[in-house]
Amino acid sequence: MKDLLSRNLMELRGRIAEACEQSNRDADDVSIVAVTKTHPAAVIRTAVAAGLHEIGESRIQEAEPKITELGPIARFHMVGHLQTNKVRKAVALFDVIQSVDSFKLAWEINRQAGLISRTIECYVQLNSSGESHKYGVSPDECLNLVRQAQALDNIKLTGLMTIGPLTDDEEAVLRSFHLCRELFRQARDIADDDFDTLSMGMSGDFALAIAEGATMIRVGTALFGPRPPV
Ligand SMILES: *Cc1c(COP(=O)(O)O)cnc(C)c1O
């Protein structure tokens, strides 16, 4: 895994640099969250040793034993849908929750974080593709949620996250990322100064996301290879 990962990481950095060059951006302005879902804790250790210090997981049940075993060796990002009954665990395990998509969820995160005297970094997740099965707040509600979430004392709201539509239609993917970029721009006007992260793009579409201004991409397959089907 170590050699494969080093090779994949080098190739990924090359593709990020290329995408940045094409849109006149600095490659240092795009960070990588390595998404390690389905992979064991040992893979996370290898990733951290390779220089990947932001790790993404999508299910509490799976992440809990891994993060508990590893301790604070990286910044852990929750990127999957979060149910309110799992929030207590989420605020104890994760450094960043990227999937805040309702005020009810934000409120519970704030409450649970308060109970353990911590402030937790959060992003609002936008449903930018209009696919009804996707999680995320609608474009119409997005700025409202930004306003409400950032007013909560134990939440530090620092960005927007979106998942592009799962399609080969590049125009549709670009439209989705463009919408997210536009809402990000508007959100920055109403949010605090440290609201600076636009998390969009995965293995299949990060170049398009970078073209539309992503400052953070979340990559699993391109680093660790295909996952077993769920
Ligand atoms: C799994 C996952 C990723 C990574 O997907 P890949 O296609 O393997 O790069 C990114 N973001 C979220 C929210 C995910 O669930």
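# The pockets and the ligand

Student: How many nonpolar, polar and charged residues does the lining of the largest pocket have?

Tutor: This is a predicted model, in which local features need pLDDT of at least 70, side-chain atom pairs count only at pLDDT 80 or more, and totals for chains, interfaces and linings use all residues. On a 1 Å grid over the protein atoms alone, a pocket is an open set of points where a 1.4 Å probe fits, with protein on both sides within 12 Å along at least five of seven lines; lining residues have an atom within 4 Å of a point. Ala, Val, Leu, Ile, Met, Phe, Trp, Tyr, Cys and Pro count as nonpolar, Asp, Glu, Lys and Arg as charged, and the others, including Gly, as polar. The lining of the largest pocket divides by class into 15 nonpolar, 12 polar and 11 charged residues.

Student: Which residues that line the largest pocket are the closest to its centre?

Tutor: Residues are numbered from 1 along each chain as its sequence is written, and side-chain values use heavy atoms, with hydrogens and water left out. Among the 38 lining residues, the closest to the centre are K37, I163, L166, M202 and R227.

Student: Where does the ligand sit?

Tutor: A molecule sits in a pocket if more than half of its atoms lie within 2 Å of the grid points. By this rule, the ligand sits in the largest pocket.

Student: What percentage of the area that the ligand exposes when taken alone does the protein bury?

Tutor: Polar contacts are pairs of N or O atoms within 3.5 Å. Oxygen atoms of the ligand lie 2.7 Å from a side-chain N or O atom of K37, 2.7 Å from one of R227 and 2.8 Å from a polar backbone atom of G220. By the Shrake-Rupley method with a 1.4 Å probe, the ligand taken alone exposes 390 Å², and the share buried by the protein is 89%.

Student: Which element gives the most to the lining of the second largest pocket?

Tutor: The second largest pocket has a volume of about 190 Å³. Helices (H or I, at least four residues) and strands (E, at least two) are DSSP runs, numbered from the N terminus. α1 (2-22) and β1 (31-35) each supply at least two lining residues. With three residues, the element that gives the most is α1.

Notes. Polar contact = N/O pair within 3.5 Å; in protein donor to acceptor, adjacent residues only side chain to side chain. Points joined across faces, edges and corners; volume = space filled by probe spheres on them.
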